[in-house]
Amino acid sequence: EAVNLPGMQAHVFIKEMDLAYAAADIIVSRAGAIAISELCCVGKPIILVPSPNVSENHQYKNAQSLVNKNAALLVEDYLASRKLVDTLMELVKDKALQAVLSSNIRKLAVKDAANRIAEIALDLTK
C-alpha cells in the first residue's frame, strides 16, 4: 500500500522497479548488493538505510563504500525515524548535491556484467 504526499510516494513493495526508478528524482533504499548494483546503473541520487538485521552488517558496509565515494547519503536504521525525512528534504533542496551524487554513482555502474561473466565461463571451458 502506498503513502502519497504532495510530490512524494512511499511504497511497501514495488513490482515494476524499472518504472519506479525511472519516475523517481531521489531514491531511498536498503543497501543490499543487488539493490546497490541496480542503483548504480540507474544513476539517481540515493539515500541508503541499511538493514541492521543482516549477517556481518554487510548492508552498512555496502552503503558506507558509496558514501566514501560521495555517491550516496546514509541514514542508519535506528536513526531513520528522526533523520530520514530531514535528510530527504535537505537533498530535495540541494540540486548541486543531487548532481554530484548522480554523477559519482554512475561511475560505479557495471553495465556489461553479463558479458563479463559469460567470458569468464567460456575461458574456464578452454
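Author: A quick word on terms before we start: helices (H or I, at least four residues) and strands (E, at least two) are DSSP runs, numbered from the N terminus. This is a predicted model, in which local features need pLDDT of at least 70, side-chain atom pairs count only at pLDDT 80 or more, and totals for chains, interfaces and linings use all residues. Residues are numbered from 1 along each chain as its sequence is written, and side-chain values use heavy atoms, with hydrogens and water left out.

Reader: Thanks! Where is Glu56 found?

Author: Glu56 sits in the loop between strand 4 and helix 3. Its phi is positive, about 55 degrees, although Glu56 is not a glycine.

Reader: Why does Glu56 count as exposed?

Author: Buried means under 20% relative accessible area, exposed over 50%, and partly exposed in between (1.4 Å probe, protein chains only). Glu56 has 67% relative accessibility, so it counts as exposed.

Reader: And what makes Asn57 partly exposed?

Author: Asn57 has a relative accessible area of 36%, and therefore it is called partly exposed. Asn57 is also found in the loop between strand 4 and helix 3, and its phi is positive too, near 50 degrees.

Reader: How do you know that helix 6 is hardly covered?

Author: Among the 12 residues of helix 6, the count of buried residues is zero. As for its span, helix 6 (residues 113-124) reaches 17 Å from its first C-alpha to its last, close to the expected 16 Å. That expected span is 1.5 Å times one less than the number of residues.

Reader: What makes a set of residues a nonpolar core?

Author: The members must be buried Ala, Val, Leu, Ile, Met, Phe, Trp, Tyr or Cys residues, joined through side-chain atoms within 4.5 Å. The largest such core here has 14 residues, and those with the most contacts inside it include Ile27, Ile36 and Leu39. Helix 2 (33-42), strand 4 (46-48) and helix 3 (58-68) each supply at least two of its residues; the largest share, three residues, comes from helix 2. There is also a second, separate core of nine residues, with Val75, Ala80, Leu88 and Leu91 among them.

Reader: Which residues does Ile36 touch?

Author: Contact means heavy atoms within 4.5 Å. Leaving aside residues up to four places away in sequence, Ile36 touches Ala31, Leu48, Asn62, Ala63 and Leu66.

Reader: How much of the whole chain is buried?

Author: Buried residues make up 29% of the 126 residues. The chain has six helices and five strands.
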